[in-house]
Amino acid sequence: MSTRTAAQTRREQILNEAARLFAERGFHGVGVDEIGAAVGISGPGLYRHFAGKDAMLAELLVGISGRLLDGGRKRVAATTGDPAAVLASLIDGHIDFALDDRPLITLHDRELDRLRDSDRKLVRQLQRQYVELWVGVVREIHQDLPEPVARGAVHAVFGLLNSTPHLSPTGRGTPRRAVAETLLRRLAHGAFAALGDSRDITP
């Protein structure tokens, strides 16, 4: 389940180009006119859709946090009875995000502090709920695992999966999507499987 949709509205086109440009050149390195040119409209025309760059950044970061949480909840609801299958589905969904929306990962790392306090708190709240969704599934599989250890494992796997911005799309030796997807899936499953013997990581 990708975080993208097949058909994009003009508003979505603007957000996608803004994310790409912000990630490539930094929030302050991009002007409204440049974002407009990337989608074929005048810079002032953007103000029919957004109040300004700050509003675009907020919608990008709050939006992806909400979509990840909603997508995760749908995967949990759709995969019943086997927590291992639920975890596999969550991993697949996050891999789709990590490969399809790499600019948003870069934006989050670099620009989160530029959001208004209320928007930043909302992003954090949505992210905490997403983490706890995973923690609950991991603890269904590893029932003796203390909650803080499970949470640490989830954050570690997120760090692994969210490393995709370092895979340059044009870099020499960059793995094809199918190869990258398989590699990330194996590494994530391997990390969680390592929790099977938790004697040396539990109090």
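Visitor: How much accessible surface does the chain have, and what share of it belongs to carbon and sulfur atoms?

Guide: Accessible areas come from the Shrake-Rupley method with a 1.4 Å probe, and for residues only the protein chains shown count as cover. Here the chain has an accessible surface of about 10900 Å², and carbon and sulfur atoms account for 52% of that. This is a predicted model, in which local features need pLDDT of at least 70 and side-chain atom pairs count only at pLDDT 80 or more, while totals for chains, interfaces and linings use all residues. Residues are numbered from 1 along each chain as its sequence is written, and side-chain values use heavy atoms, with hydrogens and water left out.

Visitor: How many helices and strands does the chain have?

Guide: Helices (H or I, at least four residues) and strands (E, at least two) are DSSP runs, numbered from the N terminus. This chain has 8 helices and 0 strands.

Visitor: How is the packing of α1 and α3 described?

Guide: Two packed helices are described by the angle between their axes and the distance between the axes. Axes are lines fitted to C-alpha atoms, for helices over the stretch in contact, and angles run from 0 to 180 degrees between N-to-C directions. Helix α1 (residues 10–25) packs against helix α3 (residues 53–78) at about 95°, with the axes 10 Å apart. That makes α1 roughly perpendicular to α3 (angles under 35 degrees count as roughly parallel, over 145 as roughly antiparallel, 65 to 115 as roughly perpendicular and the rest as oblique).

Visitor: Which residues of α1 and α3 meet?

Guide: Contact means heavy atoms within 4.5 Å. From α1, Arg11, Ile14, Leu15, Ala18, Ala19 and Phe22 meet Lys53, Met56, Glu59 and Leu60 of α3. Leaving aside neighbours within four places in sequence, Met56 has contacts that include Ile35, Leu46 and Phe50.

Visitor: Where does Thr164 lie, and is Thr164 buried or exposed?

Guide: Buried means under 20% relative accessible area, exposed over 50%, and partly exposed in between (1.4 Å probe, protein chains only). Thr164 lies in the loop between α7 and α8 and is buried, with a relative accessible area of 0%. Not counting residues up to four places away in sequence, Thr164 touches Ala98, Leu99, Arg102, Ile105 and Leu184. Thr164 and Leu99 are 65 residues apart in sequence, yet 6.4 Å apart in space, C-alpha to C-alpha.

Visitor: What percentage of the residues in the chain is buried?

Guide: Of the 203 residues in the chain, 42% are buried.
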